[in-house]
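Subject: Two-chain model, handed over

Hello,

Here is the model I promised to send. Please open it first, then read my notes below.

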Amino acid sequence: MEWEAVIGLEVHIQLLTNSKMFSGASARYGAVPNTQACAVDVALPGVLPVMNVEAARMAVKFGLAIGAKINHHSVFARKNYFYPDLPKGYQISQYELPIVQAGHVDIEVDGVSKRIGVTRAHLEEDAGKSLHEDFHGLSGIDLNRAGTPLLEIVSEPDMRSTGEAVAYLKKLHELVRYLEICDGNMQEGSFRCDANVSVRPKGETKLGTRAELKNINSFRFVERAIAYEIERQIDVCEGGGTVVQETRLYDPNKDETRSMRSKEEAHDYRYFPDPDLPPLEFDDEFIREVAKTLPELPDAKRERFMREYALPAYDAGVLTATHEMANYYEETVRASGVDPKLAANWVAGDLAGYLNKENRTIAESAVSAPMLSGLLRRIADNTISGKIAKDVLDAMWNGEGDADSIIEKKGLTQITDTGAIEKVVDEILAANSKQLEQYRSGQEKLFGYFVGQVMKATAGKANPKQVNDVLKRKLRG
Amino acid sequence: MFHYKSLAELSSALHAKQVSSIELTEAFLGRIERFKQLNAFITVDRERALAQARVADKRISEGKAGPLTGIPVAHKDIFCTDGMLTTCASKILSNFVAPYDATIIARFKEAGAVILGKTNMDEFAMGSSNENSYFGPVKNPWDQAAVPGGSSGGSAAAVAGGLAPAATGTDTGGSIRQPAAFCGITGLKPSYGRVSRYGMVAFASSLDQGGTLVRCAEDAACILNVMAGFDRRDSTSVDLPVPDYTQTLGHDLKGLRVGLPKEFFGEGLNTEVGQAIEQAIAEYKKLGVEVIDVDMPNCNLAVPCYYVLAPAEASSNLARYDGVRYGYRASAYTDLLDMYKKTRSQGFGAEVKRRILIGTYALSAGYYDAYYLKALKLRRLIAEDFKRAFERCDVIAGPTAPTTAFRLGAKVDDPVAMYLNDIYTIPVNLAGLPGMSIPAGFDGTGHPIGLQLIGQYFKEPRLLNVAHRYQQVTDWHNKIPKGFE
């Protein structure tokens, strides 16, 4: 039988607010444990939550970016359960009326585009962290993260392959960073994903029983966990069994998922509207204000790059992967005045190579856009060849200065004086009479040998095109 | 002798240097010690109180004093007080020293009032007799075999016994008004949102409201001047201007319409209480008010509605007492779940556990619609009853409680009988309206009777004036229990 996978994703993004969702404590990552937990975060008797308006603004911004319905009236609810890193014994979330509903994200897999529905996105607060190591059999509780604002983005079960799931996740990841509402750092947990996976016979319209996968906090784990889970469920079905509804944990070391808790063991969260918080209400004016802060979105930017700079889709994709990268590219084009394709080759090619090698973001690039522009100008005006430019970029990356000073210091200026090139060619031909003889007797592949000798004699500085022209002329002799 | 003087009298004595705040504080501390058997206080911090009195005396001598500067005030042990025990009369918070001041405590401090001590109460404000306290029951100064009412029983007994000139309390279903009635004093529960809840330990967030227990309406106005006001730390507090509540006292009542809900005078109302209320209404007629009958058809459902909503909220509000971060933790346990179970089983009293169970059940999957949602709808209907009634009248009057103070232990085994004590006060909390109880006589056994007055939203000035005018022509509020003179 042929099987079809059905996948829906729940993504939690940590919003980039200064303070927490319902308290004034700092939401910064990485502080000494329990130094960023105020009375409200610790849930002392008598404390009350006050909503962070900035978080609501970010949620609306996200909603607008995915073409969703923004609810002018949404309600905070309490999700009740006991856990040591959940100080109040409940998490403040949104349940029946979320702030954002019914949006979509467009993805492309193998050249085929597809629209993935976003059911809802709602505001909530994060829990603290339980640390089970280094406490001699006890657990340590760090409440720095408790109360950090999250936006939970729930997709429709619209994805049919791991490829689509990863494409959707990457698209979201790109979008939230574009919107500057999340830093997207998966290692630090600011972008987290759970997946709901089920399988059904191809052609069937009813959904199969799903398993919820947890602990899949990298694109690679998402791909591997879902792939494993699809295989597992197909095996169960083909073996005559039935898939049970449960939560499963992905183990990256064994590359498998295993049962964490069954449906029967699932919590009854006893959601009810939080009586400490009035419903979140805002008017059209608020939404209009937020709309003004929306940047050009990735898809629009990609199309504009292809149109405005005549770039192929691939280049446009690489250059718009982050808005910092796109800004860098546009600044380079503007500052250098060179052919946009030349600029694209260097930003998306050589520079990206350095960034990848050192695992840096474009913001952390050792070579700034004005510096790279200086280099591109020297390529465009023939001061240096493309090959020499690579050496100059390397020197720039290593902090040796700007392009012009490196070219001057190392004497890398291209030799474009035809007379000087002819002189070198004459010397090479005179010193290699044997090879000259062989060439003239028909071994034309020796042409490359002569080019090499000339370039070697000029330390690579001779203009390659001119060397070719002069050599051809002289060899015809 | 200053222990039964009004706040205005105390303030002018302080300003005239007839007495210092130190002397006044010493006097009340002395009475607290003398009438210790009332068990009205959980914590008295003599040194702290005297230090605050010293600062107040300095303020007075520097001419920087306000109306409450130097006056000792007792606070219900539900308000967090920086550096002092705040127990909520529960074992689970019996060792909890608050590291911060509730907003209203900060406001009293700013006004220069002295914190006399923390008063006894029903555990987590759940109760109508003050018998649910980990620290033992409070006794009623009028009859020490009787309960003082609850949950603000310690505050009520303290003011009635002249142990404090004024006290704070909280009222979720009648917890200020009912003990005020039982102890023959004046109690005010302001409109929901008028007084900040920040730092007031939550029982049922949508119903809890801080207020005061005092000797007369004029004192209530003085205290409300300090307590009322918007607090950005409480999202349910209301950003409305705060008038000077003493300024509107004494206004003529001629033409004022007083509504009597017939539902408040039906079955279950003690005859003597009913008669006292009728006499009070007759007194009001002499003051020129027009008395009309109003209908509150849904009020008979207020008690069941309340006993779904309040426990539901409480079951969630009290989840934080888990033994992890502060408060009591069981001494021996095998694992996390066992620690939770033992800590909460040992740390909470029977009534608190009963309400947590009721509330948890009401919010559970499959029961939510039948209980919680239905109760929410009822709540709306009850609020609409009041809205309709207030189209025809300015103030609603009736009994505060169906009976006077009952004997200690009389109802501890019958929770429903206990719950019915709040039958006339609960609808007011469900609607979020301001309410008062003022002394209106005594029954044959010498137990005080309370008249309940209910006002429109944020119309505390009118409500206080209606109470004040009555107190100008009667002297029930000046009566002093025997042995406490």
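In which loop of chain B does Ser151(B) lie? The answer is the loop between β3 (114–119) and α5 (153–160). Keep in mind that this is a predicted model.

I start there for the backbone. Gly150(B) and Ser151(B) are joined by a cis peptide bond, with omega at about 10°. Most peptide bonds are trans.

The Phe124(B) residue is buried, at a relative accessible area of 1%.

Ala89(B) is another one to check. Its phi is positive as well, near 55°. You will find Ala89(B) in the loop between β2 (72–76) and α4 (103–111) of chain B. Buried or exposed? Ala89(B) is buried, with a relative accessible area of 0%. For context, most residues other than glycine have a negative phi.

Now the interface. On the chain A side, 29 residues are in contact with chain B; on the chain B side, 38 residues take part. The two chains bury about 2700 Å² between them. Carbon and sulfur atoms account for 59% of that area. Which residues of chain A lose the most area to chain B? They are Pro45(A), Phe82(A) and Arg270(A). Together they make up 24% of what the chain A side buries.

How many salt bridges are counted between chain A and chain B? The count is one. The side chains of Asp276(A) and Arg197(B) form a salt bridge, 3.1 Å from N to O.

Which elements of chain A each supply at least two residues to the side that touches chain B? They are α1 (39–42), β4 (76–80) and β15 (272–273). By class, that side of chain A has 21 nonpolar residues, three polar and five charged.

For your own pass, I would take the backbone points in chain B, then the interface. Start with the cis bond between Gly150(B) and Ser151(B). Then turn to the salt bridge between Asp276(A) and Arg197(B).

Best wishes

Key
Residues numbered from 1 in each chain as written. Chains lettered and ligands numbered in written order. Predicted model: local features only at pLDDT ≥ 70, side-chain atom pairs only at ≥ 80, totals over all residues. Heavy atoms only, no water. Contact = heavy atoms within 4.5 Å. Buried area = accessible area lost by both parts, 1.4 Å probe. Salt bridge = Lys/Arg side-chain N within 4 Å of Asp/Glu carboxyl O. Helix = DSSP H or I, 4+ residues; strand = E, 2+ residues; numbered from the N terminus. Nonpolar A, V, L, I, M, F, W, Y, C, P; charged D, E, K, R; others polar. Buried < 20%, exposed > 50% of the residue type's maximum accessible area, 1.4 Å probe, protein only.
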